[in-house]
Amino acid sequence: MLLDFRYRMALEFSDPVEDQYFVMRCIPRDTDRQKLTELSTEVEPDTAVRSDTDGLGNSMLYGLIREKHTSFLLTVSGTVETTGSLYEEHEDPSAVELFRYTAPSGYTQPGPELLSAYTMLAETAPADDYGRLIHYARYVRDTMEYLPGTTDVHTTAEEALRLRKGVCQDYAHVLITLLRLAGIPARYAAGLMRGEGESHAWVEANCSGYWYGIDPTNNLLVDDSYIKFSHGRDYEDCMVSRGIFRNPRAIQTMGIAVSVVPEDQEAAPQQ
Amino acid sequence: MQELNKHVKSINHLLERYGVRFGIYKDGVFKEQLFPFDPIPRVIGKEEWDEIEAGLIQRVTALNLFLSDIYGEKKIVKDGVIPPEFIFSSSGYLTACEGLKTPKGIASHISGIDLVQGKDGKWYILEDNLRIPSGASYPLIARDLCRTASPGTFAGTHVADNRDYPKMLRDTMDYVSTGGLNVILTPGRYNAAFFEHSYFAEKTGAVLVYNTDLTVEDDKVYLKTAAGNQRVGAIYRRTSDEYLDPLAFNPESLIGVPGLFQAMRKGNVAILNAPGNGVADDKGIYYFVPKMVEYYLGEECKTNNAPTYLPYYEEDKKYVLDHFDDLVIKDVAEAGGYGVVFGNTLTKEKKADFIELIKTEPRRFIAQEVIDFVDLDILDEDGVTLIPRKADLRAYVLTGEDVRVWKSGLTRFSRNPDSFIVNSSQGGGFKDTWVLQH
């Protein structure tokens, strides 16, 4: 399917800032399941935007605005061709790289809450990895309540499960931790899904060598209506936006608007 | 040497006046303490030193090859020499450093290798410190003061002059520099090694800078000066990896330089030591260093590790549980003498808890035989009585065009007569280390 996407980030500063550095991971990466066919980037105030790939192969856009300014607008838009395949990249199950995704990472250190959930699930879990992936994802979906504002970007999987609340980032971290406890390589994926709203996060798990995408927030298999920006061990590797600016008095307000529509449908109205 | 003993008070007084201090955080409070100097040097004969030196050169060469390999192809893991879990679950392994190519392929420019001499006369490696180990300034400045207090002492001996350290450091920085100034980046006055930073800046001609003095533009690092921006080619830093660059590591760091890491990835600046080195001086990886030497260099390892067991391996776990009281257990995540437990000092309950912890998190611990290391005499406060104390030696190995071992080193001793822990953060003192030329 051909998908037109747009990711827009608007920052407003209460007081003029200078030396604003930004690093964005909001460019769809090429995989077996998606190819980027068109891309355009706009930044205001105007500045040179550099691009590179990070250690995990995710695309980065970055730049610097020296002069004083009170707002910042970044828009990335383009077209991605997605396939209906439910998995990508066959990797040898013994590949060294898979161990990156079985070791606990900062957000996915299991504590008592996750360990007891894991033990409880073990009683009913199917024997095969794919079966367990579906089983754990359903548990996460049934246990957690989607409630923005209850967690923040620092919330770990353990904390989120204790609260039984959170957003897509938390759902993903909880599922990743369960999968890793079961010895199944699991990685965090950040990107967009069809429709409008904010950026999204889900999970990819390696079962018998294939990376399957599953969206625990919506209890859906990831299909051709998803666009992936990046993957990594957890949120930290996939932060869509990172940045810093000078002026300790300035308070930043951020607005994110995204849209993903099939090319043959009418584009969503500008926001 | 007798002569020096008479001057111990005046030397310690001078050290105090020069501000030779060691900062330490304890229970969240910053304290500065003097690092007491003992005038009786550790003396190492030429033949013995030559052997140590050859071993250290080999070891550090292998460690640098390991770092390039781990952030590149990972051949040593693919070939089954090191299990992948030990790499990816190491807190020192940084995903951001994947694919990183350091200038001249050097990641550990300054390596501090801690050794002890066993009662069997053999030297053992206690640990490798590859994240800008501090402390070289102490023997350097103490030697200077001794020379001032007692000029005759060094005239008639064959003690290798140790005043070449700043030159070695400068050569290393110049060799890896991508062109431009050498700077020493200090987190500031409330850092354990602040004294050392200012001392080395003065002695090497590098510019002592704070993070806010540096700026990154077009993937290049500049020093902001009244005369405009000046390009920086090499940065000696103390700031830990996590806080080095808020755009690449901890986003909340206020002591980092935004964009620095990307400038390094682009090959536009050398950072001494490179970020990500923690994967090689991890206590769990220590076990594999002799295997690295064999793997990368095809040579037998010349340095001795203390006999070490990894509970990760079933066989080793069984040994550790059977011989718990004879072993020292170390938590691989802790440094500076913290997280070190002697099996025989635990109460019955604590021991049971600890054994349970080893069983659930085997990768987290290593166990070592307690090496009965030689005591060195220190001079008691009365200035006459000699008392024996446990001591280690930190040797400094600098990697630039060649790998060179500084013919001196920091000998640290424990204040407590029963303690085997000699880290300066645990309240010990230090001695000069004399390496003989003949």
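**Exercise 1. Determine whether B:F195 and B:Y199 are buried or exposed, and describe how their rings are arranged.**

Step 1. Both B:F195 and B:Y199 are buried, where buried means under 20% relative accessible area, exposed over 50% and partly exposed in between (1.4 Å probe, protein chains only). The model is a predicted one, in which local features need pLDDT of at least 70 and side-chain atom pairs count only at pLDDT 80 or more, while totals for chains, interfaces and linings use all residues. Residues are numbered from 1 along each chain as its sequence is written, chains are lettered from A in the order in which they are written, and side-chain values use heavy atoms, without hydrogens and water.

Step 2. Helix α9 of chain B holds both residues, four residues apart, about one turn of the helix. Helices (H or I, at least four residues) and strands (E, at least two) are DSSP runs, numbered from the N terminus.

Step 3. Other buried residues of α9 (residues 194–204) of chain B include B:H197, B:F200 and B:T204. After α9(B) comes B:G205, with a positive phi near 80°.

**Exercise 2. Characterise the aromatic pair of B:Y138 and B:F430.**

Step 1. Over all chains, the structure holds 33 aromatic pairs. Rings of Phe, Tyr and Trp (its six-membered ring) pair if their centres lie within 6.5 Å; planes under 30 degrees apart count as stacked, over 60 as edge-to-face and the rest as tilted.

Step 2. The pair of B:Y138 and B:F430 is tilted, with 5.6 Å centre to centre and 50° between the planes.

Step 3. Because B:Y138 lies in helix α6 (residues 137–149) and B:F430 in strand β21 (residues 429–435) of chain B, the pair ties together parts that are 292 residues apart in sequence.

Step 4. B:Y138 counts as buried at 4% relative accessibility, and B:F430 counts as buried at 0%.

Step 5. To complete Exercise 1, the pair of B:F195 and B:Y199 is stacked, at 5.8 Å centre to centre and 25° between the planes.
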